[in-house]
Amino acid sequence: MLSTGIIFSFVALFAWGFGDFFIQKTVRQVGIWKSLFFIGILGSVGLFLFIQKELLTVISSLNNLYLLLLLAVVSITFTLFYFLALKKGKIAVVDPLIGLELPLTVGLSVVLGREHLLLPQFILIALTFLGIIFTVAKERKHLDVRRWVVEKGAILAGVGAVGMALTNFLTGISSQQTSPLLTIWFTHTLFMLVTGVYLILSGEFKNLREDIKRNSGIILIQSILDNIGWIAFALAMTYISISIATTISESYIALSALFGIFINKEKLKPHQFFGIILVIVSILVLSSIS
């Protein structure tokens, strides 16, 4: 059972790693809200056939409905905080703060979810987090925690990290109590509705057809990969602990950095290479001992 969960975690890692590359392109072409709308509508429509019979489990249990609604609200709110942080602050400062979602998720899983981790697992999770911080820091000076407090967007990014940790934890709990596919369908359906209403009110909804004609390829790829990532992540947490599934899956950040090297011809600093190596080694060892 453990190996199945780890396989799904790695599927999420690669899906999000590749997906972020195309999400970045889509956001630049059509905007943030449209990008989120396309992801939401594909997940909602694509998963409906698989979960329609499971809808009874939501209707028959108010606790499940409340849990799914809480997850959706937290997920949508986090996304808004994260993008607002990127808009107002420096990405080199925002990303390390967002990386705090990993230890926060582990903390929630241990304290509230009562998960039990061995000391070697704790150490490897900590090393993975450290590697992620080194990877996303563009300059060594960005590793200075004191700078994070005074930089613009830091508070928003901190709130975003807490929100993403809650999203990870609630996704795991909901997947275990209902089902992974139902959890992702419900969340992405509300994403579709919220972003759709925004696009209608802003007058942008009428331009969706033209956006699809011009950017159909990257829109479809980003939507498929992001949905695969979340589905795999939710499935992983029904087999292994939320802590380990999150640690492996969130390492997609290091994969994104490698894409920057090979595709965008970006030059990484020595501390970023160190971070990537630390992440890769840590998650491989964590996977083997789990």
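## A pocket and its lining

In the second largest pocket of this predicted model, the lining is made up by class of 10 nonpolar, 1 polar and no charged residues, where Ala, Val, Leu, Ile, Met, Phe, Trp, Tyr, Cys and Pro count as nonpolar, Asp, Glu, Lys and Arg as charged, and the others, Gly among them, as polar. The model is a predicted one, in which local features need pLDDT of at least 70 and side-chain atom pairs count only at pLDDT 80 or more, while totals for chains, interfaces and linings use all residues. Residues are numbered from 1 along each chain as its sequence is written, and side-chain values use heavy atoms, with hydrogens and water left out.

The second largest pocket holds about 150 Å³ of space. Its lining consists of Phe10, Leu13, Phe14, Ser251, Ala254, Leu255, Leu258, Val279, Ile280, Ile283 and Leu284, and the elements that give two or more residues to this lining are α1, α13 (252–262) and α14. Of these, α14 gives the most, with 4 residues. A pocket here is an open set of points on a 1 Å grid over the protein atoms alone, where a 1.4 Å probe fits, with protein on both sides within 12 Å along at least five of seven lines, and lining residues have an atom within 4 Å of a point. Grid points are joined across faces, edges and corners, and the volume is the space filled by probe spheres set on the points.

## The chain as a whole

The chain has 14 helices and 0 strands, helices being DSSP runs (H or I) of at least four residues and strands (E) of at least two, numbered from the N terminus. Buried residues make up 52% of the 290 residues in the chain; buried means under 20% relative accessible area, exposed over 50%, and partly exposed in between, with a 1.4 Å probe and protein chains only. The accessible surface comes to about 14200 Å², of which 70% belongs to carbon and sulfur atoms, as computed by the Shrake-Rupley method with a 1.4 Å probe. Among contacts between residues at least 6 apart in sequence, 86% join residues at least 24 apart, a contact meaning heavy atoms within 4.5 Å.

Helix α12 (residues 242–249) is mostly covered, since 8 of its 8 residues are buried; among them are Ile242, Ser243 and Ile244.

## Aromatic pairs

The model has 9 aromatic pairs, counted when rings of Phe, Tyr and Trp (its six-membered ring) have centres within 6.5 Å, with planes under 30 degrees apart taken as stacked, over 60 as edge-to-face and the rest as tilted. The rings of Trp16 and Phe233 have their centres 5.3 Å apart and their planes at 55 degrees, so this pair is tilted. Because Trp16 lies in helix α1 (residues 2–30) and Phe233 in helix α11 (residues 208–236), the pair ties together parts that are 217 residues apart in sequence. Both Trp16 and Phe233 are buried, and ring pairs link Trp16, Trp230 and Phe233 into a cluster.

## Single residues

The table gives the relative accessibility of some single residues.

| Residue | Relative accessibility | Class |
|---|---|---|
| Ser175 | 3% | buried |
| Lys34 | 6% | buried |
| His271 | 8% | buried |
| Val45 | 58% | exposed |
| Arg114 | 67% | exposed |

Ser175 lies in helix α9 (residues 154–177) and, leaving aside its neighbours within four places in sequence, is in contact with Pro180, Thr183, Ala234 and Thr238. Lys34 has its place in helix α2 (residues 32–51) and, with residues up to four places away in sequence not counted, touches Leu199, Glu204, Asn207, Leu208 and Asp211. Val45 is also found in helix α2, and its C-alpha atom is separated by 9.5 Å from that of His188, 143 residues apart from Val45 along the chain.

His271 belongs to helix α14 (residues 270–289), and the C-alpha atoms of His271 and Thr135, which are 136 residues apart along the chain, are separated by 7.2 Å. Arg114 is placed in the loop between α6 (101–111) and α7 (119–136). Although Arg114 is not a glycine, its phi is positive, at about 55 degrees; most residues other than glycine have a negative phi.
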